[in-house]
Every structure is written in C-alpha cells, then in structure tokens.
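Work through the exercises below with the sequence and the model open. Try each task before you read its solution.

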Amino acid sequence: MTSPVRRGLARIAASVLTPFLLLGVILPAQADRSTAARTRAPEIVVPIPLEQPEPPLPAPARPKPAPKKKALVRKAKPRPTHPMRRPSVFAGFGAWVDQFDFPNMSAVKTVAMLRAHGVQTLYLQSGESSTDDAVLPDDGPWLVAAHSAGIKVVAWYLPHYKDLALDVQRTVAAARYEYLGHHFDGVGVDIEYRRAVKGKAWMKAVADHMALVRRALGPRYPLAAIPPPPLQMAVAPNYWAGFPWASLGRSSSEIMLMAYWTARGDCPEIQDHCAYGYTKENVLQARQLTGGKVRIHVIGGVGTHSKTSQILAFVKGANDARADGASIYDVGTTQPAWWPLLRALRGLGG
C-alpha cells in the first residue's frame, strides 16, 4: 500500500513525463523502422520517482536521422563465388554423326530436324588414321548446313596411334579446315582404338597426341579428349592402368566421356551401371581425376540398345552431375520420341 500523497505525486510525475517518453520512443521508431536502427538507438530509461515531489525533467531525445535509401534494401543479391564463364563450344545439347551416316542421310534435311529439336552442337566425324583424306569430303556440306541453321560443329577424329605424326597432322588439319568460308568450331579426339599399339606405349601416345595438338593449336582453341569413362576402366583396371587423366586435364578444353550404359549388363544389380548412376558417377569421377578444372561432357548410351526410361534417367543424371553438355550416340539411331526428352539438356553449361 502507498499513501494518498505518494499516489498523487506519482500521477503528477507520470503526466509530466508521458509526452517526453512518447517523444523519445515514437519518433526514433518512425524515423527508422529497420531492425538495425532500433538496435543502434540509445536506450532511454526514466525511473518514476516516488519519493521526490518534483522529479527532474529528462532531456528530449534527439531523433535519429532518416536512413539512406540504400539501407532500405532488405536483401542484396548474393555475389557469385566464382566468376561467370562463357558457355563452351561443347556445352548443352549435342548430336553425333559418323562417316557411316553420310551415304544414308541428307545434310540439309538432317540439320533441319536437329534444329527443330533444339540441338546446339553437331559432332561430325572428320576422319581417322585409315581414311584416305585428312578431312572427309562429305564434311563440307554438313558444316555449311549446320552453321546456316545456327548449330555449332565440332570435328572428331579417330587416331590409331601407330603413326603419331600422322594423327597429329590430321587432327590439326581438321582444326584448320575451311569450306566455303566455314571452319569447325572445335575438334575432339576419339580415344579408344587400341589394336595398333599396346600397353604403356598406348598410354604415352594418348598423352603425347593431345599435348602436341594443343601446342600446335595454341592454348585457347576448343580441343576435347573423348575417352572411355572411369567406371568402364574400373571393370578392367589392369587393362586401363596408367591412363593419363591428369595429362588430358591439362591439354584439353573439355573431357567428353563415352559413358555408354548400354555396354553394361549388370543393372539393376549394380546401380552405378544403370543409366542414371553411370551418367552421374562417371562425370563426378572424371572431374576429380582431371583435377576439377576441365569441363565434362557426357555421351550416353547407343541408341539401338536404349529404352525411353533410360533416356529419361540419362537426362536426369547429366543435369544432377552438372555436366557441361550431354548427347547420345548417334543421330541415326535416336528414336523420334526421344528428341523432346533430350531437349532438356539444352540448359547444361549455361
């Protein structure tokens, strides 16, 4: 209980202090409603004196200056942790044509079909060690038709490694090839032929070939290595022991994995040999084996042995692994119903 006198003094003090308390609380809050401003404002504590007849008046609170317009932005856009990279020649949705397709396909009609389905890069065989010409004569019309349709064209060459000088010369010739003013947008080397050279000599030839071509073309030319994938090599580790992954990572602009799940017959017992696992895991392992600095394009199963469910799993695996690009082999064996499904690969590498 308090005396009537003290209660009267309390009422007087409250009536005197209330305007100032409101001035000290409301104005700063109106001046800056952000959490940061309220945190920085000095806390004003004015005790109500019950024992003194005339309490001292507090100095009026100075209102906070209005915040700058920039401070009103609630959430700034995050800054990228890595600099933006331009899409590579090998990025996105690709399609493959080899020398055996030339007699059976019209360049103009096939390219028009590829364009309608959103293909971004055409991989066109330029030759191999056993062909008569450094660049196959059929390549010219295909190159012009694709460029006219807005599709990039990458030449790919199959070396036998028996004559390394010849293989280097023909790979460089493809990069410098010109037809009616058109050039290939890049070159890939199909690394798989092992019948002419064996063992460690073959491994050395693979590394030397890519290094010599890189030296001839310069550091910026789009040059891809197209090897078997790590999970295929794991099936026969002695056969593939010593494969020069690190060297390819240094000499290549891109690693294009021949990750053909159709060559594996033990799915679903081994999930990593199914379309999804084989696609995703090969990309992740190749990225690690090459030092994490080179982009990875993944080539899926052969069309003649694929199913629609596998195509869908392949697309998901390529996207989940964040591959730079993806494709299946090849145009002639791709079923019409698959093209709309494969179109989802267009966003890779963007």
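The exercises cover charged pairs, then aromatic rings.

This is a predicted model: local features need pLDDT of at least 70, side-chain atom pairs count only at pLDDT 80 or more, and totals for chains, interfaces and linings use all residues. Residues are numbered from 1 along each chain as its sequence is written, and side-chain values use heavy atoms, with hydrogens and water left out.

**Exercise 1.** Find how Asp 208 and Lys 204 pair, and where they lie.

Solution. 
- Step 1: Recall that side chains of opposite charge can pair when their charged atoms come close.
- Step 2: Apply the salt-bridge rule (a side-chain nitrogen of Lys or Arg within 4 Å of a carboxyl oxygen of Asp or Glu).
- Step 3: The closest N and O atoms of Asp 208 and Lys 204 are 2.6 Å apart, a salt bridge.
- Step 4: Both residues lie in helix H6 (residues 199-217), four residues apart, about one turn of the helix. Helices (H or I, at least four residues) and strands (E, at least two) are DSSP runs, numbered from the N terminus.
- Step 5: Asp 208 has 25%, so Asp 208 is partly exposed. Lys 204 has 53%, so Lys 204 is exposed.

**Exercise 2.** Are Arg 295 and Asp 324 buried or exposed, and what do they tie together?

Solution. 
- Step 1: Their closest N and O atoms are 3.7 Å apart, and they form a salt bridge.
- Step 2: Arg 295 lies in strand S7, while Asp 324 lies in the loop between helix H11 and strand S8, so the pair ties together parts 29 residues apart in sequence.
- Step 3: Both residues are buried.
- Step 4: The count of salt bridges comes to three.

**Exercise 3.** Describe the ring pair of Phe 243 and Trp 245.

Solution. 
- Step 1: Rings of Phe, Tyr and Trp (its six-membered ring) pair if their centres lie within 6.5 Å; planes under 30 degrees apart are stacked, over 60 edge-to-face, the rest tilted.
- Step 2: The structure holds 14 aromatic pairs.
- Step 3: Phe 243 is buried, at 8% relative accessible area. Trp 245 is buried, also at 8%.

Technical notes:
Buried < 20%, exposed > 50% of the residue type's maximum accessible area, 1.4 Å probe, protein only.
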